[in-house]
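Take a look at the structure below. Turn it slowly, and keep the sequence at hand as you read.

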Amino acid sequence: MNRRVARSRGALTTLGTVVTGGCAWDGPQSSLAPHSDFGWEILHVYAIVTWATVIIGVVVFSLLAWVLLRYRDRPGAPPPVQTRGHSLLEIGWTIAPALVLLIIAIPTIQVIFRTQGGAAPGALEVEVRGWQWWWEFRYPALGVVTANELHLPIGQPVVLHLEGPDVIHSFWVPPMGGKRDVVPGRHNQMWFVIDTPGVYDGQCAEFCGASHANMRIKLIAETPGEFERWVDAQKAPPGEPAGPAADGKAAYARLACVGCHAIRGVSAGVIGPDLTHVGSRRTIAAGLLANTPENLAAWLRAPERIKPGVKMPNLGLGEADARAIAAYLASLQ
Ligand code: CUA
């Protein structure tokens, strides 16, 4: 294959990757496939801006092409006549952009007012706290506390109260709508109504330290019945473990775990995630690993290897203790 063919093939592949990459409308973290009213509102504004810029682009580049062809240098042509100022053109290209901005501003401002106001009365309230590097979700009216996996019912307004105890984070689940910062000492909120059940991925969207990229969110949108069953299961006291899990409970209570983590009726730590029903979660370590006893044991033995900078200390656990505690945590369904 000669060099020219190879080069054009390379260019085509690159172009193809860029173009088709941009076409992943329903990728796992795409804001172009909304699943809430807030998400649709944002997409609506985005579509207006996109079409406005596409039309402007077509007009400008067509004019440019026409001018380049029409006034190109021809052999023997005299030097072009110099022109100085053209009032009509100047007024035109001042008014046209102002009109475009006005056209974009009207729906933008309407959407800002519609989505930034107070939530509908009776909305389900959830307190969202961004920690280095995990998410805490508290449902004060339901008496439920969980971490990293946010369960919400569809078809009902939900309002998230965002607060940060350490540094600035940003809550972002793209199919639900825009990002919103979680700022220490400040209360931000966002609200929306989810339209489709599903598991939606999100992440922290503000650089917050070494494991910023390891601060993921799973939003689990359920029918009202499924959500109610989840709440009931979360409110139930944790079951009493048996076999190796019982040894794990003893090890958990003996070691420093109890200082940081809460398990209802067992420990009351508030520094790390509440583990009362940790066994019912799909993932551990803020979405980094599937929730299996093997992954739990690996995490307990060397959390810093999985999440750089993690605040959870390496307690130097032996294999047996790590396995027993993992069995206990997995039993907390
Ligand atoms: Cu938290 Cu980035």
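What follows is a short walk through a few strands, loops, charged pairs, a patch and a pocket. The model is predicted.

Start with the strands. Strand β1 covers residues 124-131, and strand β5 covers residues 157-163. These two strands pair in the parallel sense, over 6 bridges. β1 also pairs with strand β2, residues 134-139. Here the strands run antiparallel, and 5 bridges join them. β1 and β2 form a hairpin, with 2 residues between them.

Now find Glu127 and look to each side. Which residue stands opposite Glu127 in β5? That residue is His161. In β2, the bridge partner of Glu127 is Arg138. The side chain of Glu127 has a contact of its own: a salt bridge with Arg129, at 3.3 Å from N to O. In a regular strand, side chains alternate between the two faces of the sheet.

Move on along the chain. β2 pairs with strand β3, residues 144-147, in the antiparallel sense. This pairing has 4 bridges. β2 and β3 form a hairpin, with 4 residues between them. Gly143 sits in the turn and has a positive phi of about 70 degrees.

Most residues other than glycine have a negative phi, and most peptide bonds are trans. Look at the loop between β1 and β2, where Trp133 is found. A cis peptide bond joins Gln132 and Trp133, with omega at about -5 degrees. Then go to Asn148, in the loop between β3 and β4. Asn148 is not a glycine, yet its phi is positive, near 65 degrees. Is Asn148 buried or exposed? At 8% relative accessibility, Asn148 counts as buried. Ala286 also has a positive phi without being a glycine, at about 55 degrees. Ala286 lies in the loop between β13 and β14. Its relative accessible area is 0%, so Ala286 is buried.

Turn to the charged pairs. Side chains of opposite charge can pair when their charged atoms come close. How many salt bridges does a search of the whole structure find? The search finds 8. One of the pairs is Arg114 with Glu41, at 2.7 Å from N to O. This pair links distant parts of the chain. Arg114 is in helix α3, residues 87-116, while Glu41 is in helix α2. The two residues are 73 residues apart. Their surroundings can be compared by accessibility. Arg114 counts as partly exposed at 45%. Glu41 is buried, with a relative accessible area of 18%.

Another pair is Glu240 and Lys249. Their closest N and O atoms are 3.0 Å apart. Glu240 counts as exposed, at 62% relative accessibility. Lys249 counts as partly exposed, at 21%. Some charged residues join in a group: Arg301, Glu319 and Arg323 are linked in a network of salt bridges.

Go back to helix α2, which spans residues 37-70 and contains Trp66. Trp66 is partly exposed, with a relative accessible area of 48%. Trp66 belongs to a nonpolar surface patch of about 940 Å². Among the other residues in this patch are Trp51, Val54, Ile55 and Leu63. Tyr71 contributes as well.

Finish at the largest pocket. Its volume is about 700 Å³. Which of its 35 lining residues are closest to its centre? They are His261, Gly272, Pro273, Trp299 and Met312. Several elements give two or more residues to the lining: α6, β13, α7 and α9. Of the elements, α7 gives the most, with 3 residues.

Technical notes: Residues numbered from 1 in each chain as written. Predicted model: local features only at pLDDT ≥ 70, side-chain atom pairs only at ≥ 80, totals over all residues. Heavy atoms only, no water. Pairing = 2+ DSSP bridges. Patch = residues over 30% accessible without salt bridge, like charges linked within 9 Å, V, L, I, M, F, W, Y side chains within 5 Å. Areas by Shrake-Rupley, 256 points an atom, 1.4 Å probe, with all protein chains shown as cover. Salt bridge = Lys/Arg side-chain N within 4 Å of Asp/Glu carboxyl O. Buried < 20%, exposed > 50% of the residue type's maximum accessible area, 1.4 Å probe, protein only. 1 Å grid on protein atoms, 1.4 Å probe; cavity = no way out; pocket = protein on both sides within 12 Å on 5 of 7 lines; lining within 4 Å. Points joined across faces, edges and corners; volume = space filled by probe spheres on them.
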